[in-house]
Amino acid sequence: MSSTVLIASNRGPVSFTLSDDGGLTMRRGGGGLVSGLSEVVREADVLWVCAALSDGDRGAVRQAAGGRLDRAFATGPIRMLDIPPAVFHRAYNAVANSTLWFVNHLLYNTPFSPEFGTRFRREWESYRTYNGAFALALAEEAAHRARVMVQDYHLTLTPAMLRAERPDLRIAHFSHTPWAPPEYFALLPEDVVAEVLTGILGADHAGFLTARWARAFMDCCETLLGARVDHAARTVTHDGRTTRIGVHPLGVNGEALLARAAEPDVESHMSVIKDLVGDRRLIVRIDRTELSKNIVRGLRAYQEFLATHPEWHGRVVHLAFAYPSRHDLPEYREYTAAVQRCAKEIEDEYATEDWDPLILNVNDDYPRSLAAYRLADVLLVNPIRDGMNLVAKEGPILSPRCALVLSREAGAAAELGADSLLVNPYDVSGTAAALHEALTLPEQERLARGQRLRAAACALPPQRWFDDQLAALR
């Protein structure tokens, strides 16, 4: 069966676990992108093309004719690609997460990295192969003039590859990350720069979460590729083709989030948190232990806040959820260890018999996160750089009186900045001062800001985000 609307992403809407007896257990896929898109396409006839990420996934693919899981398992239309593990590892860990993610989040420690030699060339070839597998699968599955929505930095080469196979298709690419300015993007080898940019320009429509990231992409095309850019019309013309550039902020389905946060498992976690915190004020952060999330500086800011405001000792608790992320990469393992070391310092310095100033939890638990949102007096979101950051939007929806301390480098700052306490993510002292200001905001101002933050967070829910991009391909 040919599909008229297709989504392509590294991670799919389901994943499989292989048991000792060889059986397969299916569960919902993880990650913010999957959560948002799953909600949108659940009732629609959309084919989702994704990669097999685990032995369980690969086992499921081998039981399904042509990798179409809907023919072997009770799922919506899904085609899962069984890419050789070595190729996947090089494409996903070495290029997507250690190169493209690093460059667009400005994460390189430039005296030591990046370094592009023979090893990187082998890894880049695997990234090409990985993107080519997606392009071929999409070409096979798409109906005539179908609309194809390719997602994120894992698949920057796919649009151009797919256009070469199927020029009849209408293709979109969406970047969920920030985009680096030309002088930083140029850290990549010149041919890689050209391949990534022309790969995305193979799409009819290239989407970004904010005007800032869209502008940076257009600047790269103009400066590094020599493309003709019309900033007012948001178009890029290169090699005789014109790609429209779209800005599509992603928000939250407020009604669905509120309903989920009212379920019994969330209520039970609220009781536990209330017992831990008592009548103290609560500062909350919820992040993956991802380098760009800036958890260590956030903890240092809380430590400085306690040092400069002893009047808050015994009256405030910081609940920090730092969930594991990308532990295949040594940088991430070390970062998780640094978070834990910093937390221990705060505990050792300030904890008393009847006051635990910091509660750090590294075990992922979605219902517990929702409970923390509901109880938060202050939400700290201080990434070094972030495409959007839905935590900043979810918190105000679930806690109407929550004050938001927000990094100016989060994409969400474009929509939420006016009613947040904006901080420079590198300024620990400034962030400490913002935490104090957030805790001391007058109640009336706190509620007024919260009401406006909630309205902004719900203004562009996933369904509208999806529909707007589909409409751009007509």
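At what angle do helix α4 and helix α7 pack, and how far apart are their axes? In this predicted model, α4 (residues 118–141) and α7 (residues 190–201) pack at about 10°, and 13 Å separates their axes. Angles under 35 degrees count as roughly parallel, so that is how α4 and α7 lie to each other. The crossing of α4 past α7 is left-handed. On the α4 side, the contact is made by Phe120, Arg121, Trp124 and Arg128, which meet Asp191, Val192, Glu195 and Val196 of α7.

Next comes strand β7 (residues 170–175), which is mostly covered, with six of its six residues buried. Arg170, Ala172 and Phe174 point one way from β7, while Ile171, His173 and Ser175 point the other way. Strand β6 (residues 142–151) pairs with β7 in the parallel sense, over five bridges; one of the partners is Ile171 in β7, bridged to Val148.

Further along, there is an open sheet of six strands with parallel pairing, in the order β14-β13-β12-β15-β16-β17. From one strand to the next, the twist averages 15°. Within this sheet, β12 (residues 281–288) and β15 (residues 378–381) run parallel and are joined by two bridges, with Val284 partnered by Leu379 in β15. Helix α11 (residues 295–308) packs on the sheet and touches β12, β13 (316–323), β14 and β15, its direction making about 170° with that of β13. Helix α13 (residues 366–375) also packs there, touching β12, β13, β14 and β15, at about 150° to the direction of β13.

Technical notes. Residues are numbered from 1 along each chain as its sequence is written. This is a predicted model: local features need pLDDT of at least 70, side-chain atom pairs count only at pLDDT 80 or more; totals for chains, interfaces and linings use all residues. Side-chain values use heavy atoms; hydrogens and water are left out. Axes are lines fitted to C-alpha atoms, for helices over the stretch in contact, and angles run from 0 to 180 degrees between N-to-C directions. Helices (H or I, at least four residues) and strands (E, at least two) are DSSP runs, numbered from the N terminus. Angles under 35 degrees count as roughly parallel, over 145 as roughly antiparallel, 65 to 115 as roughly perpendicular and the rest as oblique. A crossing is left-handed if the near helix is turned anticlockwise from the far one by less than a right angle, and right-handed if clockwise. Contact means heavy atoms within 4.5 Å. Buried means under 20% relative accessible area, exposed over 50%, partly exposed in between (1.4 Å probe, protein chains only). Two strands pair if DSSP finds at least two bridges between them.
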